Amino acid sequence: MNDTSKRREFLKLGMAGLATAGVVSAAATIDVQKAAAQAAPDSLLRTVLERGKVIVGTGSTNAPWHFENDAGELVGMDITMGRILAKGLFDDTTKVEFVMQDPAQRIPNVTTNKVDISIQFMTMTAQRSQLIHFSRPYYVEGIALLTLPKAENKTFDKLLAGGSATRISILQNVDAEANVRIVLPEAQVMQIDTQANVLQALESKRVDGAAVDLSTVRWLASRNPDKYFDAGKSWFSMLYGAALRQGDLDWLTFVNTTFTTAMFGHETALYDAAFKDYFGQEPPARHPGFPVI
């Protein structure tokens with residue numbers, strides 16, 4: 001057989017494989033008992049599969065991450081990640097129990113096994129990773145600028161050009177002023193006691209812009225375009241990851257694989273719909289080839 005004939009035969013086999021792949025995929029089912037048997041005896045992966053649901057620690061008062069919608073349903077990006085995990089475990093997004101917890105309980109509830117995982121807009125840090133494992137990041141948070149849609153200086157370029165006349169509100173903390181001056185070195189910085197008052201200062205026009213989380217800017221600007229405007233600047237990247245108990249490689253690897261597949265692989269529908277709904281944007285296109293993950 002010459003090289004041309006060999007290539008034809010190879011292509012025929014390849015096409016046959018593609019034709020049957022969908023059939024195999026559709027016919028395949030998850031045998032939970034068999035899957036559980038493959039995990040280490042003391043792995044949470046085995047426990048969760050045998051239990052029939054995953055227990056996720058989260059919150060209920062912080063849109064767009066975890067909050068109740070008008071129908072009283074718990075929704076948000078964190079909630080979607082919990083449902084993505086349930087789908088990976090059981091091929092059923094409903095097989096998840098959400099446990100409401102204070103942010104201060106995100107680590108203790110994992111380490112004491114009150115929850116299987118905490119998915120609650122948790123910033124990844126080296127200090128926290130001494131206590132728990134982090135999943136792969138599922139969002140890159142940052143600081144961004146919210147302005148008024150009818151303001152003359154609503155864009156970042158205009159705020160920057162305003163120099164010392166530009167006024168910015170931000171939640172009071174030790175690094176607040178320094179963080180604003182990274183991008184607006186001459187601006188007047190007004191540190192305020194609560195996030196609600198940070199926004200109120202903008203709405204009452206006591207400031208020209210509010211420095212808040214990027215996710216908050218995108219949520220408010222997409223849901224209330226007549227009230228808020230995204231000035232088009234974000235900085236100071238922070239990674240959000242889920243918290244898991246240390247020392248359980250099977251569970252950590254499973255969660256990471258599930259999240260990666262949902263964000264970059266062939267099962268992105270849930271993640272993409274949530275990203276668009278809660279942040280008002282389409283996720284970047286994924287292109288087969290070199291793995292930009």
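**View 1. Asp208 counts as buried, at 14% relative accessibility.** Here buried means under 20% relative accessible area, exposed over 50% and partly exposed in between, with a 1.4 Å probe and protein chains only. The model is predicted: local features need pLDDT of at least 70 and side-chain atom pairs pLDDT 80 or more, whereas totals for chains, interfaces and linings use all residues. Residues are numbered from 1 along each chain as its sequence is written, and side-chain values use heavy atoms, with hydrogens and water left out. Asp208 lies in the loop between helix 8 (195-203) and strand 11; helices (H or I, at least four residues) and strands (E, at least two) are DSSP runs numbered from the N terminus. The side chains of Asp208 and Asn153 are joined by a polar contact of 3.3 Å, that is, a pair of N or O atoms within 3.5 Å, of which, within protein, one must be able to donate a hydrogen and the other to accept it, while residues adjacent in sequence count only if both atoms are side-chain atoms. Beyond its neighbours within four places in sequence, Asp208 is in contact (heavy atoms within 4.5 Å) with residues including Leu159, Ala165 and Thr166.

**View 2. Gly209 is a buried residue of strand 11 (residues 209-213).** The relative accessible area of Gly209 is 0%. Neighbours within four places in sequence aside, Gly209 is in contact with Leu146, Thr147, Arg167, Ile168, Ser169 and Leu202. Between the C-alpha atoms of Gly209 and Phe156, which are 53 residues apart along the chain, the separation is 9.2 Å.

**View 3. Helix 4 (residues 77-90) packs against helix 10 (residues 249-264) at an angle of about 110°.** Their axes, which are 10 Å apart, are lines fitted to C-alpha atoms over the stretch in contact, and angles run from 0 to 180 degrees between N-to-C directions. Helix 4 is therefore roughly perpendicular to helix 10, a term for angles of 65 to 115 degrees. Helix 4 contributes Met81, Ile84, Leu85, Gly88 and Leu89 to the contact, and helix 10 contributes Trp251, Phe254, Val255, Thr258, Phe259 and Ala262.

**View 4. Helix 3 (residues 44-51) packs against helix 10 at an angle of about 70°.** The axes of helix 3 and helix 10 are 7 Å apart, and the two helices are roughly perpendicular to each other. Leu44, Leu45 and Val48 of helix 3 meet Asp250, Trp251 and Phe254 of helix 10.

**View 5. His287 is exposed, with a relative accessible area of 63%.** His287 is placed in the segment after helix 11 (269-279).

Terms used:
Angles under 35 degrees count as roughly parallel, over 145 as roughly antiparallel, 65 to 115 as roughly perpendicular and the rest as oblique.
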